[in-house]
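Reader: Before I set up any calculation on a new model, I would like to learn how its features should be read, one after another. Could you show me the structure and then begin with the terms?

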Amino acid sequence: RRASPVKASSTPARAASDSNADGGGEAVAPGAAASASDSSALVTAADAAAVGNLVEDDEWLGLAMEMAILVRVAVREEAKKQIRGFTSKDDYKIGDLSKEIDARVKAEVARLRDKDEYELGDLSVALDQLTKEQVCKLTGKSEYAAGDLSVEIDGRVKSAVAAFCGKEEYTTGDLTREIDRRAKSAVADFTGKEQYTFGDISRE
């Protein structure tokens with residue numbers, strides 16, 4: 001008798017089962033290929049665009065952080081460079097700026113005092129000396145005396161008040177009387193009367 005040929009499997013599932021049985025592999029579910037294609041179809045164009053936006057936002061955030069770090073480093077290095085130029089030192093150390101400012105101030109105070117080096121209290125003496133010199137210029141005197149500034153200010157104020165009142169010399173109460181006179185004159189002009197009497201504004 002001739003052996004009859006083996007018929008091919010009539011269904012894909014049977015073929016896959018036979019193939020796995022022959023090759024020793026795992027069985028594949030009949031709907032596995034269809035499920036994979038369905039899951040890929042669930043990612044829509046809108047979802048892909050949203051994911052792309054998230055990636056772009058993350059990249060921009062990282063770039064902004066890097067730029068902030070670069071700017072901070074650049075500002076710090078520029079400040080150090082300027083301080084090195086101000087202090088005439090090659091390397092910057094903490095406190096160099098304060099020390100340089102202190103040294104320059106003391107040198108200037110010593111110069112004002114015609115001294116080689118600064119001593120404690122020189123600044124107060126130098127400021128006092130400058131103030132007295134300015135007061136002497138204001139008063140026209142060669143030497144300062146206690147009270148010169150107060151006397152000069154008082155004299156200038158009285159002269160201004162006397163000029164405001166149309167007088168040569170100021171006397172106590174001139175400013176008050178002049179303001180009262182001018183106010184009454186303005187009210188009389190407003191009411192059309194020659195002299196002001198109490199209540200004119202209310203009646204007008």
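Author: Let us begin with burial: a residue is called buried when its relative accessible area is under 20%, exposed when it is over 50%, and partly exposed in between, with a 1.4 Å probe and only protein chains counted. By that scale Asp122 is buried, with a relative accessible area of 5%, whereas Lys115 is partly exposed at 25%. This is a predicted model, in which local features need pLDDT of at least 70 and side-chain atom pairs count only at pLDDT 80 or more, while totals for chains, interfaces and linings use all residues. Residues are numbered from 1 along each chain as its sequence is written, and side-chain values use heavy atoms, with hydrogens and water left out.

Reader: How many helices and strands does the protein chain have, and what share of its residues count as buried?

Author: Helices (H or I, at least four residues) and strands (E, at least two) are DSSP runs, numbered from the N terminus. The protein chain has eight helices and zero strands. Of its 204 residues, 11% count as buried. Among contacts with a separation of 6 or more, residues 24 or more positions apart account for 0%. Accessible areas come from the Shrake-Rupley method with a 1.4 Å probe, and for residues only the protein chains shown count as cover; the protein chain exposes about 16,900 Å², of which carbon and sulfur atoms supply 57%.

Reader: How should I read a salt bridge, and how many are there by this rule?

Author: Side chains of opposite charge can pair when their charged atoms come close. The rule asks for a side-chain nitrogen of Lys or Arg within 4 Å of a carboxyl oxygen of Asp or Glu, and by this rule the count comes to 13 salt bridges. Another joins Lys141 to Asp148 at 3.0 Å between the closest N and O atoms; Lys141 is partly exposed, at 39%, and Asp148 is buried, at 11%. Salt bridges that share partners also join Lys167, Asp174 and Arg177 into one network.

Reader: Why are Asp128 and Lys132 separated by about one helical turn?

Author: They are separated by about one helical turn because they are four residues apart in helix α5 (residues 122–139). Asp128 forms a salt bridge with Lys132, the closest N and O atoms being 3.2 Å apart. Asp128 is partly exposed at 39%, and Lys132 is partly exposed at 33%.

Reader: Which side chains make polar contacts with the side chain of Glu178?

Author: A polar contact is a pair of N or O atoms within 3.5 Å; within protein, one must be able to donate a hydrogen and the other to accept it, and residues adjacent in sequence count only if both atoms are side-chain atoms. Glu178, in helix α7 (residues 174–191), is buried at 8% relative accessible area, and its side chain makes polar contacts with those of Arg181 at 2.6 Å and Arg182 at 2.7 Å. Leaving aside neighbours within four places in sequence, Glu178 is in contact with Phe164 and Cys165. The side chain of Arg182, in turn, reaches the backbone oxygen of Phe164 at 2.8 Å, and Arg182 counts as partly exposed, at 39%.

Reader: Where does Asp174 lie, and is this residue buried or exposed?

Author: Asp174 lies in helix α7 and counts as buried, at 5% relative accessibility. A polar contact of 2.9 Å joins its side chain to that of Lys167. Not counting residues up to four places away in sequence, Asp174 touches Cys165, Lys167 and Glu169.

Conventions. Contact means heavy atoms within 4.5 Å.
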